[in-house]
Amino acid sequence: MKPVAFGLALGVLLVSAAGAETTDIADLRPGMSVTLTGTVERVMDEDEFELADGTGRVRVYVGPNPVPAAEGETLTVIGTVDDDLPLEVYATGAVLADGTEVSFPYRY
């Protein structure tokens, strides 16, 4: 796929995910594709943070990209739950509280 087409496809994914139904953290299961909305409770490293939504907390990896929000900020994360325990989410994108869309194109 050409880079422009990829960017457009990701943009459509993020816009549709921002309006999509979100999953509660308490309902996460290994291997799920998810859209989570919550508050950044703690930034643990330059590429990982803990997200909380009132039903629980989960570690979110965005690496090797930088965490797009500071502690206390709300955001929506689009990603996949790892298939191992403890449950962790590998994010492919996020939508910040102001509507800014962030993609995480670099993967480990």
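**Exercises on salt bridges in a predicted model**

Arg-57 and Glu-41 are joined by a salt bridge in this predicted model, with 3.6 Å between the closest N and O atoms. The exercises below start from this pair.

**Exercise 1.** Determine which strands the Arg-57 and Glu-41 pair ties together, and how exposed each partner is.

*Solution.* Step 1: take the salt bridge between Arg-57 and Glu-41, whose closest N and O atoms are 3.6 Å apart. Arg-57 belongs to strand β3 (residues 57–61) and Glu-41 to strand β1 (residues 33–45), so the bridge ties together parts that are 16 residues apart in sequence.

Step 1: turn to accessibility. Exposed means over 50% relative accessible area, and Arg-57 has 53%, so Arg-57 counts as exposed. Glu-41, with 33%, is partly exposed.

**Exercise 2.** Find which residues are linked with Arg-57 in a network of salt bridges.

*Solution.* Step 1: look for a further partner of Arg-57. The side chain of Glu-50 also meets Arg-57 in a salt bridge, at 3.1 Å from N to O.

Step 1: Glu-41, Glu-50 and Arg-57 form a linked network of salt bridges.

Step 2: classify Glu-50. Buried means under 20% relative accessible area; the value for Glu-50 is 16%, so Glu-50 counts as buried.

**Exercise 3.** Locate Glu-46 and identify what Glu-46 touches beyond four places in sequence.

*Solution.* Step 1: Glu-46 sits in the loop between β1 and β2. Its relative accessible area is 59%, so Glu-46 is exposed.

Step 1: leaving aside residues up to four places away in sequence, Glu-46 touches Asn-65, Pro-66 and Val-67.

Step 2: for Val-67, compare sequence with space. Glu-46 and Val-67 are 21 residues apart in sequence, yet their C-alpha atoms are 6.0 Å apart.

**Exercise 4.** Describe the protein as a whole, and decide where its coordinates call for caution.

*Solution.* Step 1: the protein has 1 helix and 6 strands, arranged along the sequence as α-β-β-β-β-β-β.

Step 1: of the 108 residues, 38% are buried. The accessible surface is about 6000 Å², and carbon and sulfur atoms account for 54% of this area.

Step 2: among contacts between residues at least 6 apart in sequence, 51% join residues at least 24 apart.

Step 3: examine the confidence. The average pLDDT is 86, and 81% of the residues score at least 70. Over residues 1–18, however, pLDDT stays under 50, and the model has 14 contacts beyond four places in sequence for this stretch. Where pLDDT is low, predicted coordinates should not be read in detail.

Technical notes: Residues numbered from 1 in each chain as written. Predicted model: local features only at pLDDT ≥ 70, side-chain atom pairs only at ≥ 80, totals over all residues. Heavy atoms only, no water. Salt bridge = Lys/Arg side-chain N within 4 Å of Asp/Glu carboxyl O. Helix = DSSP H or I, 4+ residues; strand = E, 2+ residues; numbered from the N terminus. Buried < 20%, exposed > 50% of the residue type's maximum accessible area, 1.4 Å probe, protein only. Contact = heavy atoms within 4.5 Å. Areas by Shrake-Rupley, 256 points an atom, 1.4 Å probe, with all protein chains shown as cover. pLDDT = per-residue confidence, 0-100.
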